[in-house]
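Subject: Structure handover

Hello,

Here is the structure I said I would pass on. Please look through it first; my notes on some of its strands and helices follow.

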Amino acid sequence: MLLIHCPYCEEDRPEVEFANGGQAHIARPADPSAYSDPQWEEFLYIRRNPRGRHHERWRHVHGCGRFFNAVRDTVSDRFETTYKAGEPAR
Amino acid sequence: MKRFSGFNLIGEAFRSHQGWPEHWPDKAPKPAYDAIIVGAGGHGLGAAYYLASKYGITNVAVIEKGWLGGGNTGRNTTIIRSNYLYDESAHLYDHAVKLWDGLSQELNYNIMYSKRGVLMLAHNVHDVQSFKRHIHANRLNGVDNEWLTAEECKAYCPPLDISPNARHPVLGGALQRRGGTARHDSVAWGYARAASALGVDIIQNCAVTGIRRGADGAAEGVETERGFIASKKIGVSAAGSTSVVMAMAGLQFPLESYPLQALVSEPVKPIFPCVVMSNTVHAYMSQSDKGELVIGAGTDQYISYSQRGAFHIIEHTLAAICEIFPIFTRMRMMRTWGGIVDVTPDRSPILAKTPVPGLYVNCGWGTGGFKATPGAADLLAYTIAHDAPHRINAPYALDRFRNGRLIDEAAAAAVAH
């Protein structure tokens, strides 16, 4: 089980308190009605799925309830850092 | 290839079995092939076999980063079934079940396909309605699936607890009698041996490091740890690593790779006659011929290439098993392991051409690819040989994520898939 640092609670907590929210920093369409089919495909379905350094969202569902972002290595599963939502990608 | 037969077995018995040749020779890569398959799992080896046996392309190489059958082929729970809801899925998975049927004879290798039946338990009214809908849909597609009452379930699988006071009462079940299990390693070995006998080169411990494309964008070959290998046709069957391989060709895929775990108990005498799945509780189990209870767990919630999962996933699975089968609460678990499964947004595979001419893909089987092994292999081989999909895998193209024609087994198949 992962030990995850919540940047809001500022505590290392076990993974079962968190829900993974998928790839981070995917911008919602600013003008959805102007989006083409390929753009929707990109937004909804295409994912980086990298082997190595990965930006992802987590939500501290059984804690503060807030979303934050993390950088994790997908081979070792080791967290590099976590940071608050809205901050630029690290 | 020396065939396995009673005659040869007796002959070898007089020679201390010294006359059996190796199943497949370890080959060094040639400079060029007519077709290359990336990934020597059951799907990839099978595709090479069908290319050579059915579609007339024998100058084929299968390139594998590790050892053959060492990925998800050697890590799954070996369940075979085809009772999927949607027409596209029923056609695809039943194509595989039909091929499973004669596979031992065709490959001259005992893959131990055992039609012991797959029983899916209904625990609530929604399950009952949903399974009956599945059964009707399956019958329209010519796929066997039948409804059993709770008492009939108990008769078919005696360890079941069908008392009304159970935590998850059994209201009935859907049984596919043609479903069952097969020996997963034998599938890879059997395909490798048969393909090798037809002239296919199996190249292990040779990671693909790049996909070379020509000026027109078409595939020209693969860069590997042992040099460049040319081929105008490349089929990628790399399961959890598909995103990584496709990135080498400059493609991003609608895939995410998750760890999926399984575990086995200590071996015991035969007690569990079939495969039982409970989607509501998320437990599924069978007993191997060695006597171990083979139990499938769920995926972790985060993407990973670590080939290991978290312990609380195992705990959750065993809690479910103990609820449905109190008889097994004192069984000791012997081993757990994980594989990396590539999951698509609609939980259906991608078996198609790609935007790169000459590059074909078989991926996205998620948590349920083993059952499809012969079918997926045959259809990948067909697609490579004809440069066009078979009508069975035509719906499984990449463009469904653009035009919205998803095959949404995520909802239809629930979790245990």
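To begin with one pair of residues in chain A: A:N69 has A:Y83, in strand β6(A), as its bridge partner. Please keep in mind throughout that this is a predicted model.

**The sheet in chain A**

The pair A:N69 and A:Y83 belongs to the contact between strand β5 (residues 67-73) of chain A and β6(A), which run antiparallel and are joined by five bridges. These two strands are part of an open sheet of four strands, in the order β3-β4-β5-β6 (chain A), with antiparallel pairing. At its edges are β3 (19-23) and β6 (79-84) of chain A, each of which pairs on one side only. From one strand to the next, the twist averages 30°.

Going through the other pairings in the sheet:

- β3(A) and strand β4 (residues 53-59) of chain A run antiparallel, with three bridges between them; here A:N20 is opposite A:W58 in β4(A).
- β4(A) and β5(A) also run antiparallel, joined by seven bridges; A:E56 is opposite A:A70 in β5(A).

β19(B) has two pairings to point out. Strand β12 (residues 234-236) of chain B runs parallel to β19(B) and is joined to it by three bridges; B:I234 has B:L359 as its bridge partner. Strand β18 (residues 350-353) of chain B pairs with β19(B) in the antiparallel sense, over four bridges, and B:K353 stands opposite B:Y360. β18(B) and β19(B) form a hairpin with five residues between them, and in the turn B:G358 has a positive phi of about 85°.

**Helices in chain B**

Helix α7 (residues 184-197) of chain B has 14 residues, which at 1.5 Å a residue should span 20 Å; the end C-alpha atoms are 20 Å apart, so the two values agree. Twelve of the 14 residues of α7(B) are buried, and the helix is therefore largely enclosed by the rest of the structure. Among the buried residues are B:H184, B:D185, B:Y191 and B:R193. The buried residues of α7(B) pack against α2 (42-53), α3, α4 (103-107), β8 (201-203) and α10 of chain B. After the helix comes B:G199, with a positive phi near 105°.

The axes of helix α3 (residues 87-101) of chain B and helix α10 (residues 373-386) of chain B come within 6 Å and cross at roughly 105°. Angles of 65 to 115 degrees count as roughly perpendicular, and α3(B) and α10(B) are therefore roughly perpendicular to each other. From α3(B), the residues in contact are B:L92, B:H95, B:A96, B:L99 and B:W100; from α10(B), they are B:T373, B:P374, B:G375, B:D378 and B:L379. Six of the residues in this contact are nonpolar, three polar and one charged.

Regards

Conventions. Residues are numbered from 1 along each chain as its sequence is written. Chains are lettered from A and ligands numbered from 1 in the order in which they are written. This is a predicted model: local features need pLDDT of at least 70, side-chain atom pairs count only at pLDDT 80 or more; totals for chains, interfaces and linings use all residues. Side-chain values use heavy atoms; hydrogens and water are left out. Axes are lines fitted to C-alpha atoms, for helices over the stretch in contact, and angles run from 0 to 180 degrees between N-to-C directions. Angles under 35 degrees count as roughly parallel, over 145 as roughly antiparallel, 65 to 115 as roughly perpendicular and the rest as oblique. Contact means heavy atoms within 4.5 Å. Ala, Val, Leu, Ile, Met, Phe, Trp, Tyr, Cys and Pro count as nonpolar, Asp, Glu, Lys and Arg as charged, and the others, Gly among them, as polar. The expected span of a helix is 1.5 Å times one less than its number of residues. Buried means under 20% relative accessible area, exposed over 50%, partly exposed in between (1.4 Å probe, protein chains only). Two strands pair if DSSP finds at least two bridges between them.
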